[in-house]
Amino acid sequence: MTTTFNPANNSTLPIDWHCLTPIWEGGEEVVKRGLPHTQLSPTWQLLLLGDGSPTRHVQLLTGEPTEVDVIDMSAIGMNSDGAPAMMQMLPGPRVRRQVWVRTASGQRLYYAASWWEASHVDEYLQNKSLPIWASLARLRTELYRDVQGIYYGDSEALELGFQEKGPFWGRHYLFWHHGQPLTLIYEVFSPFLTKYLGAMNYQN
C-alpha cells in the first residue's frame, strides 16, 4: 500500500492500514438501491450490502468457528488516518484496530480495520481476540449497521495476506448505538469466498 500523509493535520501519521485503490466505488445511494447483477452477484450483494454480521455469515458459509488475528491496535489521536470521512463523526482521541478474520483451520476470509473512541474501546472490546460481533453480542449491545460505501479495487498487501489475486470487493459502515456512532469499520473480502457464494462478477 502506498504511504500517504494528511496535510490538514499537524501530527501527520503514515496510513498503514490496507485500503483498496478503487477501480470502482459507490456511496450510500448505490448501497440502498443495490447493483446490477452483472456487476455484483446477488449472493455477494447479500454479504456486502446487507446489514447483518459478516462474521456470522462467513461462519455459516464455511461451517467452521470464526476467529480473528489482531494485527494492530494503534492510538491515532485526532489524525484522520486516511479513513473514510465519516470517521470525523467519532469523538476523539481514537484507536485503530486491524484484524484478519479467518476460519479456525486458518483460512483468511476477510480483513477489517475499525476506528473507535479511545475512551470506549476497552468497554466494547473487552476481549481483543474476539470478533467485534462476538464481543458486542456478549454485551447484548443493540446496534444498527449503516453501510455507507462499497469498493472494487486493488491492494498488493491484501493479495499477500489472502494469497489471492485481486481485485477485491470491500465496504465501510458505521455502527450506531443509542443514536450515536460507536465505530467505523472498513472490510475487504477474500475471493476465497467464491467457493460458497459463486462468482463475484464485475462489469463497469
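Which strands does helix H3 (residues 54-62) lie across? Helix H3 lies across S2, strand S3 (94-103), strand S4 (108-117), S5, S6 and S7, and runs at about 165° to S4. Axes are lines fitted to C-alpha atoms, for helices over the stretch in contact, with angles from 0 to 180 degrees between N-to-C directions. Helices (H or I, at least four residues) and strands (E, at least two) are DSSP runs, numbered from the N terminus.

The model is predicted: local features need pLDDT of at least 70, side-chain atom pairs count only at pLDDT 80 or more, and totals for chains, interfaces and linings use all residues. Residues are numbered from 1 along each chain as its sequence is written, and side-chain values use heavy atoms, leaving out hydrogens and water.

**The sheet**

Seven strands make an open, antiparallel sheet, ordered S1-S5-S6-S7-S4-S3-S2. Neighbouring strands are turned by 20° against each other on average, direction ignored. Pairing requires at least two DSSP bridges between two strands. Nine bridges join S5 (residues 144-154) to S6 (residues 168-177). Ile150 has Arg171 as its bridge partner in S6.

| Helix | Strands | Angle |
|---|---|---|
| H2 (residues 42-49) | S5, S6, S7 (180-189) | about 35° with S6 |
| H3 (residues 54-62) | S2, S3, S4, S5, S6, S7 | about 165° to S4 |

**Helix H3**

Pro54, Thr55, Val58 and Thr62 of H3 are buried, meaning under 20% relative accessible area (1.4 Å probe, protein chains only; exposed is over 50%, partly exposed in between). They sit on the same side of H3, because their arc around the axis is only 105°. That arc is taken from the directions from the helix axis to the C-beta atoms. At the start of H3, a side-chain oxygen of Ser53 comes to within 3.3 Å of the backbone nitrogen of Thr55. Just after H3, Gly63 has a positive phi of about 75°.

**The cores**

A nonpolar core joins buried Ala, Val, Leu, Ile, Met, Phe, Trp, Tyr and Cys residues through side-chain atoms within 4.5 Å. The largest has 30 residues; Leu35, Trp44, Leu48, Ile150, Trp169 and Leu193 have the most contacts inside it. A second, separate core of 19 residues includes Leu20, Met87, Tyr186 and Val188.

**Ser190**

Ser190 lies in the loop between S7 and helix H7 (194-197). Ser190 is buried, at a relative accessible area of 0%. Beyond four places in sequence, Ser190 touches Trp44, Arg108, Leu109, Tyr110, Phe162 and Glu164. Contact here means heavy atoms within 4.5 Å.

How values were computed
A polar contact is a pair of N or O atoms within 3.5 Å; within protein, one must be able to donate a hydrogen and the other to accept it, and residues adjacent in sequence count only if both atoms are side-chain atoms.
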